[in-house]
Amino acid sequence: VSPVVSFLSLIRLFPVSAVSQCVSTLACGPQYELAIDQFCLAKFRLDMQELDQKHWCSWEDTVEKSRIYGELTNCTFLVALKVGCFWPNRLVDEFFIRVHRHYFHDCSLSGRLLRDPPNGILGPFIAVPVLVTLLMTALVVWRSKRSEGIV
């Protein structure tokens with residue numbers, strides 16, 4: 001088969017491929033968005049309400065122990081398969097952005113709550129630099145007074 005013939009057959013298949021992509025994209029429309037809101041987000045809301053709000057930022061509590069976040073991800077995937085939609089897609093990305101803005105907006109990037117360390121740890125991190133600064137200032141003043149008489 002010559003390269004020209006294979007190129008022409010490829011050009012003939014392009015519209016079929018483009019149409020199938022459009023149909024697949026149409027399935028990822030309002031029906032998919034509605035389905036993940038009704039099935040996935042509804043269950044996720046109930047699960048998060050059962051979990052104390054102070055544990056929302058705990059990666060261990062939302063992902064590892066209770067698997068709440070994993071179930072949400074799997075649900076969006078299964079709904080995508082059911083409606084004939086590809087996954088991941090733009091709608092599922094926007095869905096997870098909304099979920100994160102609502103439930104995880106106060107969380108740090110590490111997934112842990114931001115709070116001050118205990119005073120036993122914080123104290124030395126404050127006291128040591130202050131003491132070193134005072135010591136270095138005293139040493140500079142003492143050396144500058146001693147070297148005045150020496151030329």
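**View 1. Surroundings of Val99.** Apart from neighbours within four places in sequence, Val99 is in contact with Leu41, Phe44, Leu72 and Phe104; contact means heavy atoms within 4.5 Å. The model is predicted, so local features need pLDDT of at least 70 and side-chain atom pairs count only at pLDDT 80 or more, while totals for chains, interfaces and linings use all residues. Residues are numbered from 1 along each chain as its sequence is written, and side-chain values use heavy atoms, with hydrogens and water left out.

**View 2. The largest nonpolar core.** This core has 26 residues, of which Tyr32, Phe44, Met48, Val99 and Phe104 touch the most other members. Two or more residues each are given to this core by H2, H4 and H5. H2 supplies the largest share, seven residues. A nonpolar core is a set of buried Ala, Val, Leu, Ile, Met, Phe, Trp, Tyr and Cys residues joined through side-chain atoms within 4.5 Å. Buried means under 20% relative accessible area, exposed over 50%, and partly exposed in between (1.4 Å probe, protein chains only).

View 3. Leu91, Val92, Phe95, Phe96, Val99 and Tyr103 of H5 are buried. They lie on the same side of H5 because they cover an arc of only 135° around the axis, the arc being that of the directions from the helix axis to the C-beta atoms. These buried residues pack against helix H2 (30-50) and helix H4 (68-83). On the face turned away from the buried side, H5 carries the exposed residues Arg90 and Arg101.

**View 4. Length and N-terminal cap of H5.** The 14 residues of helix H5 (residues 90-103) should span 20 Å at 1.5 Å a residue, which agrees with the 20 Å between its end C-alpha atoms; the expected span is 1.5 Å times one less than the number of residues. Asn89 caps the N-terminal end of H5, with a side-chain oxygen 2.9 Å from the backbone nitrogen of Leu91. A polar contact is a pair of N or O atoms within 3.5 Å; within protein, one must be able to donate a hydrogen and the other to accept it, and residues adjacent in sequence count only if both atoms are side-chain atoms.

**View 5. The disulfide of Cys40 and Cys75.** The sulfur atoms of Cys40 and Cys75 are 2.0 Å apart and form a disulfide, defined as a pair of cysteine sulfur atoms within 2.5 Å. This link joins distant parts of the chain, with Cys40 in helix H2 and Cys75 in helix H4, 35 residues apart. Both Cys40 and Cys75 are buried. Helices (H or I, at least four residues) and strands (E, at least two) are DSSP runs, numbered from the N terminus.
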